[in-house]
Amino acid sequence: GASPNSWGYLADGKSVAEIVLENDKRASDYDKQRRKHPLFAHVALMLLSEIVNRRLFSNVRERKQLTYDANFSFNGFERLLGGWFLVTVTASKENAQKALDACKETLHSLRKTQQITPDNVESAKRVVLNRHDIELRTNSYWTQLMSGLQEESVPLKGPLSFTDFKAVVEAITPKDLQLTLETLLLDEDKLYTCIGQTIKPEGIEDSDEPLVRQAPVIGMRRGGALTG
């Protein structure tokens, strides 16, 4: 379904922060100021992704046992306005439709009957902050953070992306995320769904040979591979 891009801009040019402020008529001055931070939408979408992932795993796999894996992700555009979210599951042919229905049920329940809780938010914060701390040790993550800092097409990306990251994450509330969730198009008539099936192409015959041959084991005798 449709969603904001990585920095919170929707296809019509509106931002997550603007929509959240419009829909929260009783927001305090502190909340208004906090939601205007350039990182607010970016961080809110990261936390929301973690929460939805956990809900899908809990409902579709653990409770209904319809799949081995359920995954939710945003596409992550930075320059283009708008984006989409994607839910993928792997299920048997018999359970495919049930798994699809369970995914839609989980997304809809997040909006109405089983909304985001403080425990959900705290758990997501730990995951996001721990991942951030670990990835800060890699050059590739720093390159990702610093890429496009001066580009006009990514106006919200700047040095605050790493100097204020932890503070912005810690300040996010369940209400922030519940309002952010409403920027995703989750209505039944706005979702695009499909079921794919893996089949064997015509003309391909089964072979008794294994697809991957076992490599010879080196160094099984005393002394290992270092002996002549």
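**Entry 1: the second largest pocket**

I looked up the second largest pocket and found a volume of about 580 Å³. The model is predicted, so I noted the limits: local features need pLDDT of at least 70, side-chain atom pairs count only at pLDDT 80 or more, and totals for chains, interfaces and linings use all residues. Residues are numbered from 1 along each chain as its sequence is written, and side-chain values use heavy atoms, with hydrogens and water left out.

I wrote down what a pocket is. On a 1 Å grid over the protein atoms alone, a pocket is an open set of points where a 1.4 Å probe fits, with protein on both sides within 12 Å along at least five of seven lines. Lining residues have an atom within 4 Å of a point. The volume is the space filled by probe spheres set on the points, and grid points are joined across faces, edges and corners.

Which residues lie nearest the centre of the second largest pocket? I found Ser6, His42, Met46, Gly76 and Gln144, out of 25 lining residues. Helix H3 (40-63), strand S2 (69-74), helix H5 (118-135) and helix H6 (139-146) each give two or more residues to this lining. I took helices (H or I, at least four residues) and strands (E, at least two) as DSSP runs, numbered from the N terminus. H3 gives the largest share, five residues.

I then sorted the lining by class and got ten nonpolar, ten polar and five charged residues. Here Ala, Val, Leu, Ile, Met, Phe, Trp, Tyr, Cys and Pro count as nonpolar, Asp, Glu, Lys and Arg as charged, and the others, Gly among them, as polar.

**Entry 2: the largest pocket**

I turned to the largest pocket, which holds about 750 Å³ of space. Its lining has 25 residues, and Val87, Val89, Leu100, Cys194 and Ile195 are the closest to its centre. Strand S3 (83-90) and helix H4 (96-111) each supply at least two lining residues. Which element gives the largest share? I found that it is S3, with seven residues. By class, I noted 15 nonpolar, eight polar and two charged residues.

**Entry 3: the partners of S3**

I followed S3 to its neighbours. Strand S1 (residues 2-3) runs antiparallel to S3 and is joined to it by two bridges. Two strands pair if DSSP finds at least two bridges between them. Ala2 has Trp84 in S3 as its bridge partner. S2 also pairs with S3 in the antiparallel sense, over six bridges. There I picked out Asn71, whose bridge partner in S3 is Thr88.

**Entry 4: two loop residues**

I looked up Pro38 in the loop between helix H2 (29-35) and H3. Pro38 is partly exposed, with a relative accessible area of 25%. Buried means under 20% relative accessible area, exposed over 50%, and partly exposed in between (1.4 Å probe, protein chains only). What does Pro38 contact, leaving aside its neighbours within four places in sequence? I found Trp7, Leu156 and Leu160, where contact means heavy atoms within 4.5 Å. The C-alpha atoms of Pro38 and Pro155 are separated by 8.6 Å, and these residues are 117 apart along the chain.

Next I checked Gln65, in the loop between H3 and S2. Gln65 is not a glycine, yet it has a positive phi of about 50°. Most residues other than glycine have a negative phi. Is Gln65 buried or exposed? It is exposed, at 62% relative accessible area.

**Entry 5: salt bridges**

I counted 16 salt bridges. A salt bridge is a side-chain nitrogen of Lys or Arg within 4 Å of a carboxyl oxygen of Asp or Glu.

Arg35 and Asp176 form one of them, at 2.8 Å from N to O. Arg35 is in H2 and Asp176 is in helix H9 (residues 174-181), so the pair links distant parts of the chain, 141 residues apart. Arg35 is buried at 1%, and Asp176 is buried at 0%.

Lys104 and Glu188 form another, at 2.9 Å from N to O. Lys104 is in H4, and Glu188 is in the segment after H9, 84 residues apart. Lys104 counts as buried at 16%, whereas Glu188 is partly exposed at 47%.

I ended with Arg54 and Glu62, which meet at 3.5 Å from N to O. Arg54 is partly exposed at 47%, and Glu62 is partly exposed at 40%.
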